[in-house]
Amino acid sequence: MTDYLSTGSLPEEYRQLALTVRDFAQQVVAPVSAKHDAEHSFPYEVVAGMAEMGLFGLPFPEEFGGMGGDYFALCLALEELGKVDQSVAITLEAGVSLGAMPIYRFGDDKQKNEWLPQLTRGRALAGFGLTEPDAGSDAGGTRTTAIEDGESWVINGAKQFITNSGTDITRLVTVTAVTGTNGGKKEISTILVPTSTPGFVAEPAYNKVGWNASDTHPLSFTDVRVPKENLLGERGRGYANFLRILDEGRIAIAALAVGAAQGCVDESVRYANERQAFGQAIGRNQAIAFKIARMEARAHVARTAYYDAAALMLAGKPFKKAASIAKMVASEAAMDNARDATQIFGGNGFMNEYPVSRHYRDSKILEIGEGTTEVQLMLIARELGL
Ligand SMILES: Cc1cc2nc3c(=O)[nH]c(=O)nc-3n(C[C@H](O)[C@H](O)[C@H](O)COP(=O)(O)OP(=O)(O)OC[C@H]3O[C@@H](n4cnc5c(N)ncnc54)[C@H](O)[C@@H]3O)c2cc1C
């Protein structure tokens, strides 16, 4: 079977990185995936392994403990991990692109020097606190407040569905909060909240449909007092800055989704060649072969879409529309491929120990998180002037 790493289309250093992560995914991640999924346990040993490889520092400069790579390198790693275990991949994606990246993009020197070395080395995780009970797709509906009091911000409110916010190595959550009004409009800013601050509580983890080994909590803030210097970026620019982070994050989520879509293809090809029915391998039936061919086409098109978005971003060109397209087509490819793969596996596909059943449960959130499909359509339409 040919795969995208054997086509010669990638520069050698990217290919080598993808091969290294592929090997790690197969040797270290795959053997423990079903266990962590069944036990809903956070894969600390896998996270430590990813940290050791430098994956949390991939797109950051060496001066902050990073590997000096770029965002595309991160995407390749996410694709290889997403193929095998979406929970592990989202832990890395959220750790890098939602946890560390806001500080790298918008932090001052002190904030960068304090937080980035631990985040880029994977010794600590940071959460991205945007979503609230009454502010999801319409994230501007933020109700959490941060009031100035002397040299402090005092934060009150709640966030929900926050990834990496309650692990033993979570040290920080960056939150959006209303810091006042400006011209009659809410002024939303972002503030760094160390998780050790009194009044910050990560409530018990959710019982999710999938991504069981990924850490997700509701958060509450009761008179949480942090120094004024914890303001991240310019006051009143918090919402806009987080939207920029989400634009980039969509490319990373698309890469993860392509991995999931491709993982379903690879598992299906193997199974269709092995499983016998009516005296032959089920893959000999054109109905099955065509289904898998279509799955491969979906994964390929989605990969092309995220490569395009990443190339535009790295070239400093506008990439908002390309990122939304990539996120939408890749998440749909993952969901469609997971459904088709489960069908190809028959009854086995409905058994939790098979990777395709995990992809079936895990893939749905790809169409919801970091902007639903409807939100991507809104963004694409807006870019078209509609
Ligand atoms: C496992 C998981 C991890 C997450 N991690 C994080 C995280 O780390 N940080 C974070 O801040 N958030 C996180 N989220 C939140 C996620 O980004 C939101 O769930 C998502 O943006 C959707 O918001 P919502 O759930 O409030 O849905 P809603 O906004 O209530 O939307 C409900 C439905 O209405 C549709 N809809 C809404 N408005 C429109 C419209 N104008 N036109 C058409 N359709 C519309 C939506 O597309 C959706 O189908 C996570 C969620 C999950 C489940």
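**Ground rules.** I'm numbering residues from 1 along each chain as its sequence is written. This is a predicted model, where local features need pLDDT of at least 70, side-chain atom pairs count only at pLDDT 80 or more, and totals for chains, interfaces and linings use all residues.

**Whole chain.** I found ten helices and ten strands in the protein chain (DSSP runs, H or I of at least four residues for helices, E of at least two for strands, numbered from the N terminus). The radius of gyration is 21 Å, close to the 21 Å that the globule rule gives for 386 residues, so the chain is as compact as a globular protein of that length. That radius is taken over C-alpha atoms, and the rule is 2.2 Å times the number of residues to the power 0.38. The C-alpha trace spans about 80 × 45 × 40 Å along its principal axes.

**Phenylalanine 345.** I looked for phenylalanine 345 and found it in the loop between helix H8 (320-344) and helix H9 (355-362). Buried or exposed? Phenylalanine 345 counts as buried, because it has 23 C-beta neighbours inside 10 Å (buried takes 20 or more other C-beta atoms within 10 Å, exposed 12 or fewer, partly exposed in between, with C-beta atoms placed from the backbone). Proline 318 is 27 residues away in sequence and 42 Å away in space, C-alpha to C-alpha.

**Domains.** I noted domain 1 (12-125), domain 2 (126-237) and domain 3 (240-384), with bounds from an automatic or database domain assignment. The C-alpha centres of domain 2 and domain 3 lie 30 Å apart.
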